[in-house]
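Thanks for coming, everyone. Please bring the structure up on your screens, and I will walk you through some side-chain contacts.

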Amino acid sequence: MNTENLSTEPASGSGASDSPAETAAGGAPAFSPLYQQIKALLLQSLQQAEWKPGEAIPSEMELAARYRVSQGTVRKAIDDLAAGNLLVRRQGRGTFVATHSEQHVQYRFLRLVPDAHTPQGEGPAQRKIVECRRLRASAEVARALHLHTGEMVLQARRVLRFENVPTILEDLWLPGTPFKGLTAERLSDYHGPMYALFESEFGVRMVRAEEKLRAVLPDAAQAALLAVDTATPLLSVERVAYTYNDIPMEYRRGLYRTDAHHYRNHLG
């Protein structure tokens, strides 16, 4: 059992320093493992954009000196953040803040896989913005985004085509204030992943998501956009995506054709 804490770490200078637990919890006793306290402090720095997506974070040695803990404790905290796709280790170069513009991260939240090959082999989706407008949040949208009913949100609808076949129809809602200035033109003109756009132009990084899946039948408008008839069963994927500190930043409902694709998830 690791019993390492600040009371056993050497401190520079003659005065005692606050421990990570005290820094993170305002002086209240903390009983979580020390590496989790360091992880919380690193997350705090990420949330405050001390290190931006794509930038290197300080070395393990520098962080160990900063928090007055061992490099092993820092390494374990970084390992946890890397396992959660928040940081990326690069051999011989250091550790970097993960970004949705990186190839291996682009497909992190897209679980629809072609039956014949990988998403990368299929090539990037061709995207068409069908609608983009600002409106008052319904009770359902407000609940998902932790807003008040009637607050301003941005609503967009788009169709994703793979190899020229309309495959995904998405409706998404974003809180109005963080995404002020986002328009249909900006969505259409940006050729990278949508989450990379949110990250680079609005400073919002999606770090995790929760999804609900069910089988549904499309209405006439949805069927027309996906080039199917209304008797075709589709996979409905309802997602809430969160930024740091579990703040919901996107509510999304997608309808997926599964005649040539399947939803794939890794459990373990």
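The protein has ten helices and ten strands. Keep in mind that this is a predicted model. There are 268 residues, and 42% of them count as buried. The exposed surface comes to about 14300 Å². Carbon and sulfur atoms make up 51% of that area. Now the contacts. Take those with a separation of 6 or more: 58% of them join residues 24 or more positions apart.

Let's start with charges. Side chains of opposite charge can pair when their charged atoms come close. How many salt bridges does the structure hold? The count is 17. I will pick out a few.

Go to E60. Its side chain meets that of R75 in a salt bridge, at 3.0 Å from N to O. E60 is in helix α3, residues 60–67, while R75 is in helix α4, residues 71–83. The two are 15 residues apart in sequence, so this bridge ties together separate parts of the chain.

Is E60 buried or exposed? It is buried, because its relative accessible area is 15% and the cut-off for buried is under 20%. R75 has 36% relative accessibility, so it counts as partly exposed; that class runs between 20% and 50%.

E60 has another partner. R89 also forms a salt bridge with E60, and here the closest N and O atoms are 3.2 Å apart. This pair links distant parts of the chain. R89 is in strand β1, residues 87–90, and E60 is in helix α3, 29 residues away. R89 is partly exposed too, at 36% relative accessibility.

Next, R208. It does two things here. It forms a salt bridge with E210, with the closest N and O atoms 3.1 Å apart. It also lies over the face of Y242, 4.2 Å from the ring centre. R208 is partly exposed, with a relative accessible area of 27%. E210 is partly exposed as well, at 41%.

There is another arginine over a ring. The charged end of R90 sits over F96, at 4.4 Å from the centre of the ring.

That brings us to the aromatics. A pair of rings is described by the distance of the centres and the angle of the planes. A search of the whole structure turns up four aromatic pairs. One of them is F179 with F202. Their ring centres are 5.6 Å apart.

F179 and F202 form one aromatic cluster with Y195 and F198.

To recap, look at two places. Thanks.

Note on methods: Residues numbered from 1 in each chain as written. Predicted model: local features only at pLDDT ≥ 70, side-chain atom pairs only at ≥ 80, totals over all residues. Heavy atoms only, no water. Phe/Tyr/Trp six-rings, centres within 6.5 Å; stacked < 30°, edge-to-face > 60°. Lys NZ or Arg CZ within 6 Å of the ring centre and 35° of its normal. Salt bridge = Lys/Arg side-chain N within 4 Å of Asp/Glu carboxyl O. Helix = DSSP H or I, 4+ residues; strand = E, 2+ residues; numbered from the N terminus. Buried < 20%, exposed > 50% of the residue type's maximum accessible area, 1.4 Å probe, protein only. Contact = heavy atoms within 4.5 Å. Areas by Shrake-Rupley, 256 points an atom, 1.4 Å probe, with all protein chains shown as cover.
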